[in-house]
Amino acid sequence: MKPLYMCAMEAFIRAQAQRFASRPALRWCGRSWSYRELDQISDLMAAGLLRFGVGRGSHVGIWAESVPEKVFFFYALQKLGAVAVMVNSRMDQREMLAMLAQTDTHFLAIGRGQPCLEGSSGARQALLESPQLQRVFYLGDRSYLPSGT
């Protein structure tokens, strides 16, 4: 295998999935996912994201706490050649809208329990009506995955 600095992230993920297939790649709250599962889940997410126009060069914000879906989603973006725009999970509505414009983000993945969206339909509405956002994905919601998964 090439040194990591010479390897595309997609190739690295696949190589690790082959090399360490059943070893834990991710552990969270008593649950673990193997390198094979990480590869398979991120493949499914990548396929679903392609259906919505996410592809090479797309800027996709990830606004979530540290949860497994965030990791899977990040790797799916790497497989597509998309740009992951990691968003501070403590941003308020004003900061978020400014950041979206500054980073040319057209897609946004939102994790469960984002503080500025809880109990504030005005903040949620402002975000959803942001002119540059083409689509919002909710991590934990499987609607962007291919059917049957």
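This is a predicted model: local features need pLDDT of at least 70, side-chain atom pairs count only at pLDDT 80 or more; totals for chains, interfaces and linings use all residues.
Visitor: Why is C29 called exposed?

Guide: The relative accessible area of C29 is 68%, and the word exposed is used for values over 50%, so C29 is placed in that class.

Visitor: What is the phi of C29?

Guide: C29 has a positive phi of about 50°, although C29 is not a glycine. D104 is another residue other than glycine with a positive value, its phi being near 55°, and D104 lies in the loop between α4 and β5 (107-110).

Visitor: Why does D104 count as partly exposed?

Guide: Its relative accessibility is 44%; buried requires a value under 20% and exposed a value over 50%, with partly exposed in between, and therefore D104 counts as partly exposed.

Visitor: How do you know that L100 is buried?

Guide: L100, which is found in helix α4 (residues 93-102), has a relative accessible area of 0%, and because buried means under 20%, L100 belongs to that class. Leaving aside residues up to four places away in sequence, L100 touches T105, L108, L127, S130, Q132 and L133. The C-alpha atoms of L100 and V60 are separated by 9.4 Å, while the two residues are 40 residues apart along the chain.

Visitor: What makes K79 count as buried?

Guide: K79 lies in helix α3 and has a relative accessibility of 9%, which is set against the limit of under 20%, so K79 counts as buried. Not counting residues up to four places away in sequence, K79 touches E10, I13, R14, D39, S42 and D43.

Visitor: What makes α1 oblique to α2?

Guide: The axes of helix α1 (residues 9-19) and helix α2 (residues 35-51) come within 7 Å and cross at roughly 140°. That angle makes α1 oblique to α2, because roughly antiparallel is kept for angles over 145 degrees and roughly perpendicular for 65 to 115. The crossing of α1 with α2 is left-handed, and there I13, R14, Q16 and A17 in α1 meet Y35, R36, D39 and D43 in α2. By class, this contact of α1 with α2 has 3 nonpolar, 1 polar and 4 charged residues.

Visitor: How do α2 and helix α3 (residues 68-80) pack, and at what angle?

Guide: Their axes are 8 Å apart and the angle between them is about 65°, while the crossing of α2 and α3 is right-handed. Among the residues that make the contact are L38, I41, M45 and L49 of α2 and V71, F72, Y75 and L80 of α3, and the contact of α2 with α3 divides into 13 nonpolar, 1 polar and 4 charged residues.

Visitor: How many helices and strands are there in the protein chain?

Guide: The protein chain has 5 helices and 6 strands, which follow the pattern α-β-β-α-β-α-β-α-β-α-β along the sequence. Of its 149 residues, 41% count as buried.

Note on methods
Residues are numbered from 1 along each chain as its sequence is written. Side-chain values use heavy atoms; hydrogens and water are left out. Axes are lines fitted to C-alpha atoms, for helices over the stretch in contact, and angles run from 0 to 180 degrees between N-to-C directions. Helices (H or I, at least four residues) and strands (E, at least two) are DSSP runs, numbered from the N terminus. Angles under 35 degrees count as roughly parallel, over 145 as roughly antiparallel, 65 to 115 as roughly perpendicular and the rest as oblique. A crossing is left-handed if the near helix is turned anticlockwise from the far one by less than a right angle, and right-handed if clockwise. Contact means heavy atoms within 4.5 Å. Ala, Val, Leu, Ile, Met, Phe, Trp, Tyr, Cys and Pro count as nonpolar, Asp, Glu, Lys and Arg as charged, and the others, Gly among them, as polar. Buried means under 20% relative accessible area, exposed over 50%, partly exposed in between (1.4 Å probe, protein chains only).
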